[in-house]
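Let's walk through how two chains meet, one feature at a time. Ask away as we go.

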2 protein chains.
Amino acid sequence: MKFLGKVIITLKSGVFDPQGLTIKNALHTLGYRETQDVKTGKYFEIMIEAENQEKAQSRLSEMCDQLLANPVIEQYTSVAEPVKS
Amino acid sequence: MKFLGKVIITLKSGVFDPQGLTIKNALHTLGYRETQDVKTGKYFEIMIEAENQEKAQSRLSEMCDQLLANPVIEQYTSVAEPVKS
């Protein structure tokens, strides 16, 4: 069965986010003065072949721990959804 | 009222994604051979001050069009959620 894993990786709170600050300043310059804070992150969609949703989810979390996220400064949320074929 | 805008930006289908290919290869090397396809994208969380959800959502979409996404090669989904203070 196929599953689509969706992973969002963000910086842990307290970690300096210069890219977010730059985007906030750019938005202010463009006139979006209501913007108060911008956080940046990464997004991945991973197609996985697995027996069931539980296994897909557990393998996806392993991938995040081992490769996708840096556990020192980043946190992630991951969800594996069945794909209708 | 405060709203948290969540934006996911991905490459349009057909646009070459070398980063995704590299991650797929790395996952295979690490033993995650069930991985079939990896798409990469960007994620932003933007705190916005707005009168109501509709206005927050519309301003957020404008920000995506003007600054965050490149409409030639990227597509985005954005959602503005009220923040309980």
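Q: In strand 2 of chain B, which residue is the bridge partner of Met47(A)?
A: That's Asp37(B). Strands here are DSSP runs of E with at least two residues, helices are runs of H or I with at least four, and both are numbered from the N terminus. Two strands pair if DSSP finds at least two bridges between them.

Q: Before we go on, what am I looking at, and how is it labelled?
A: A predicted model, where local features need pLDDT of at least 70 and side-chain atom pairs count only at pLDDT 80 or more, while totals for chains, interfaces and linings use all residues. Residues are numbered from 1 along each chain as its sequence is written, chains are lettered from A and ligands numbered from 1 in the order written, and side-chain values use heavy atoms, leaving out hydrogens and water.

Q: How do I read the relation between the copies?
A: Two copies of a chain are related by a rotation about an axis and a shift along it.

Q: What does the contact involve?
A: Contact means heavy atoms within 4.5 Å. Chain B puts in 31 residues and chain A puts in 31. The copies meet through the same surface, because 100% of chain B's interface residues are also interface residues in chain A.

Q: How much area is buried between the chains?
A: Buried area is the accessible area (1.4 Å probe) that two parts lose on being put together, summed over both. Here it's about 2,900 Å², with 60% from carbon and sulfur atoms. In chain B, Tyr32(B), Glu34(B) and Tyr43(B) lose the most to chain A, together 22% of what that side buries.

Q: How many salt bridges are there between the chains?
A: There are 2, counting a side-chain nitrogen of Lys or Arg within 4 Å of a carboxyl oxygen of Asp or Glu. One joins Glu34(A) and Arg59(B), at 2.4 Å, N to O.
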